[in-house]
Amino acid sequence: MNPPDSSNPTTAQSRDPIIALKDLRLTLGSEAGEVNILRGLDLTVGAGETVSIVGPSGSGKTSMLMVIAGLERATGGQVMIGGKDFMKLGEDQLALFRRDNLGIVFQSFHLVPTMNAVENVAIPLELAGRRDAFDRARALLEQVGLGHRLSHYPGQLSGGEQQRVALARAFAAEPKLILADEPTGNLDAGTGQQVIDLMFQMSDHQDTTLMLITHDPALAKRCRRVVRMGDGVIEEDTTSGETARQAAE
Ligand SMILES: Nc1ncnc2c1ncn2[C@@H]1O[C@H](COP(=O)(O)OP(=O)(O)OP(=O)(O)O)[C@@H](O)[C@H]1O
Ligand SMILES: [Mg+2]
């Protein structure tokens with residue numbers, strides 16, 4: 001028997017930053033010449049934090065998220081995610097890291113149209129070698145209130161339902177970090193609210209770090225920390241009082 005655990009490794013790990021960006025630069029070529037999209041950006045996020053990213057259109061929010069997701073490669077600086085140096089990982093390693101550690105939710109759902117709801121959630125789990133992939137997918141879909149839509153295809157689901165499938169998929173592998181880019185951008189206010197409530201509930205339940213891009217000030221304030229971007233850098237970084245989760249610790 002192990003002695004009572006005073007140095008819980010999960011807790012110890014949660015003290016390390018899950019995101020550490022230093023002097024992050026992203027320059028992309030366009031027909032009009034090179035565009036400096038991220039221009040020496042610094043950001044550190046601790047495990048378990050909830051962070052919203054706000055700022056004007058074109059300020060680089062999505063670009064930063066794509067770098068953190070390993071879907072876009074920085075052209076300079078340091079990118080450490082979950083202790084991994086993304087600048088040193090190859091494409092295959094990035095894809096594996098993403099599969100095992102990240103959940104991503106996009107504005108436009110990004111479901112596979114030829115797969116039904118259960119398959120959309122289960123296939124990534126199955127690829128990760130989980131034998132319980134389909135059982136888990138069904139359980140997750142029940143959790144987001146879609147137990148009655150398991151065999152529906154994306155084209156047979158409403159926008160809010162599709163986004164709930166996307167949430168189930170994002171959380172299915174119990175990722176350390178959830179990245180969401182305007183997850184309610186294509187939904188009406190009421191439906192958006194339901195999706196957001198679910199996202200915070202699941203994130204709280206799984207103790208996930210949550211980074212959320214939004215243009216909605218009320219939604220931004222639901223995160224303990226609000227980071228404002230402007231012209232490829234962080235312009236403002238505000239942390240409010242304790243959240244219920246932190247107060248309970
Ligand atoms: N592939 C690309 N090539 C060149 N420039 C790009 C490319 N992708 C994005 N940009 C430019 O980078 C800047 C930042 O874009 P990004 O999508 O990150 O902004 P954003 O803050 O997410 O904006 P929004 O709120 O409108 O979604 C914009 O000026 C955009 O035109
Ligand atoms: Mg964007």
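Start by selecting His215 and ligand 1: a polar side-chain atom of His215 sits 2.8 Å from an oxygen atom of the ligand. Keep in mind that you're looking at a predicted model.

An N or O atom in the side chain of Ser63 is 2.6 Å from an oxygen atom of ligand 1. Then pick Thr62, where the side chain has an N or O atom 2.9 Å from a ligand oxygen. How much of ligand 1 does the protein bury? On its own, ligand 1 exposes 640 Å², and the protein buries 61% of that.

Now show the whole shell. Ligand 1 is surrounded by 13 residues, with Ser57, Gly58, Lys61, Ser63 and His215 the closest. Colour the shell by class and you get eight polar, three nonpolar and two charged residues.

Switch to cartoon view for the elements behind the shell. Strand E1 (17-30) and helix H2 (61-68) each provide at least two shell residues. Which element gives the most? That's H2, with three residues.

Is Leu140 buried or exposed? Its relative accessible area is 1%, so Leu140 counts as buried. To see what it touches, select Ala168, Phe171, Ala172 and Met202: these are the contacts of Leu140 once neighbours within four places in sequence are set aside.

For a last stop, draw a C-alpha to C-alpha distance from Leu140 to Arg169: the two are 8.0 Å apart in space and 29 residues apart in sequence.

Note on methods. Residues numbered from 1 in each chain as written. Chains lettered and ligands numbered in written order. Predicted model: local features only at pLDDT ≥ 70, side-chain atom pairs only at ≥ 80, totals over all residues. Heavy atoms only, no water. Near = heavy atom within 4 Å. Polar contact = N/O pair within 3.5 Å; in protein donor to acceptor, adjacent residues only side chain to side chain. Areas by Shrake-Rupley, 256 points an atom, 1.4 Å probe, with all protein chains shown as cover. Helix = DSSP H or I, 4+ residues; strand = E, 2+ residues; numbered from the N terminus. Nonpolar A, V, L, I, M, F, W, Y, C, P; charged D, E, K, R; others polar. Buried < 20%, exposed > 50% of the residue type's maximum accessible area, 1.4 Å probe, protein only. Contact = heavy atoms within 4.5 Å.
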